[in-house]
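Me: I am new to this structure. Please show me how to read its features, one at a time.

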Amino acid sequence: MSKASAGNRGAKKTKSKGGGGATVTRQKKMQTSQQDHIMTLRAAIYDTNGKDKDVTKNVIPFLKYNRNELDLEIEFAVKPSSKTRAKCIAIEKEHYGEEEEDEEWEQERDEDLRAPANRFLIFREKRKSEDDGLGDIVGFLSFRFSIQGELVDEMVGKPTLVVFDFFLRESIQRKGLGRHVINMLQLIAKKENISFIQFAVPEDCEGIKKLLTEKCGFIIDTMDYCKGSMEEGMEVYTKEIGIKASSAVSKQKSVASVPIDKSNKPITTSDTTKDVKQPMITEGKENQKTPVA
């Protein structure tokens with residue numbers, strides 16, 4: 001047994017003469033990296049009191065969009081109300097051109113949107129005065145903080161912000177809102193020390209692909225970090241977010257008091273949902289297409 005192996009009592013021992021030390025070192029590095037991912041995700045999901053964190057508090061200027069004949073407010077939500085979910089589902093149906101009721105599908109989508117793991121950006125028309133109620137919902141985006149491999153059911157890779165749904169009414173598309181929202185997500189990811197952003201997109205959905213690649217700097221994710229692959233007809237677009245190491249360490253220390261899973265498994269909001277699955281931005285009705293913003 002090598003001296004390196006003998007000096008690490010908590011690590012798994014190996015009988016190989018030449019590679020024992022390297023094996024132990026890799027294992028300890030993997031454990032350390034995994035623990036770092038846990039802390040990063042915890043910091044993005046929960047505040048220091050263990051409550052759901054509003055990640056838009058550091059990007060307040062992005063919560064208004066007033067250009068190209070649009071005057072909108074963007075609202076962050078976790079566990080939106082039944083009324084809000086119903087309006088989001090109605091917008092999704094508009095996208096498909098569906099007018100007839102499909103009670104079974106609507107119930108399934110409502111269950112998807114109720115998943116505690118979801119974080120939402122709700123797009124509303126701006127109120128005319130402070131006395132008015134909330135503005136009408138004209139679009140929504142859902143996302144979660146997780147690990148890169150979740151899109152193929154493998155909890156491997158680095159922390160990522162995964163976008164599952166992105167629907168806008170036809171009247172507000174192609175007016176720069178999509179690019180504005182993606183820039184906002186990149187800033188959120190950077191401030192929360194999240195390494196990547198991912199979008200799952202149908203191969204024939206040229207509008208969103210052009211927006212992601214030509215205007216926002218995304219590339220096709222080869223997913224070399226996992227064994228699985230996306231279903232046929234789907235592509236994953238990703239962008240790496242630059243993070244300062246000192247900032248990441250500071251964030252992790254600030255949530256050290258929040259309990260963590262001692263099993264060393266990656267922690268996401270899905271741990272609180274009993275493995276409830278969420279739809280990607282391409283699921284739902286047949287032949288769904290992501291709106292072009």
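Reply: Start with disulfides. A disulfide is a pair of cysteine sulfur atoms within 2.5 Å. This is a predicted model. By that rule, the count here comes to 0 disulfides.

Me: Are Cys216 and Cys226 buried or exposed?

Reply: Buried means under 20% relative accessible area. Cys216 has 3% relative accessibility, so Cys216 counts as buried. Cys226, at 12%, counts as buried too.

Me: How many salt bridges are there?

Reply: A salt bridge pairs a side-chain nitrogen of Lys or Arg with a carboxyl oxygen of Asp or Glu, within 4 Å. The count comes to 19 salt bridges. One of them joins Glu94 and Arg169, at 3.5 Å from N to O. This pair links distant parts of the chain: Glu94 lies in helix α3, Arg169 in the loop between β5 and α5, 75 residues apart. Glu94 is partly exposed, at 44%. Arg169 is partly exposed as well, at 22%.

Me: Which residues are linked with Glu94 and Arg169 in a network of salt bridges?

Reply: Lys87 and Asp136 belong to that network.

Me: Where are Glu235 and Lys209?

Reply: Their side chains meet in a salt bridge, 3.4 Å from N to O. Glu235 sits in strand β8 and Lys209 in helix α6, 26 residues apart. Glu235 is buried, with a relative accessible area of 17%. Lys209 is buried at 11%.

Me: What does the side chain of Gln173 reach?

Reply: The backbone oxygen of Leu168, at 2.8 Å. Gln173 is in the loop between β5 and α5. At 8% relative accessibility, Gln173 counts as buried.

Me: Where does pLDDT stay under 50?

Reply: pLDDT is the predictor's confidence in each residue. It stays under 50 over residues 1–18 and over residues 245–293. The protein averages a pLDDT of 78.

Note on methods:
Residues numbered from 1 in each chain as written. Predicted model: local features only at pLDDT ≥ 70, side-chain atom pairs only at ≥ 80, totals over all residues. Heavy atoms only, no water. pLDDT = per-residue confidence, 0-100. Contact = heavy atoms within 4.5 Å. Buried < 20%, exposed > 50% of the residue type's maximum accessible area, 1.4 Å probe, protein only. Helix = DSSP H or I, 4+ residues; strand = E, 2+ residues; numbered from the N terminus. Polar contact = N/O pair within 3.5 Å; in protein donor to acceptor, adjacent residues only side chain to side chain.
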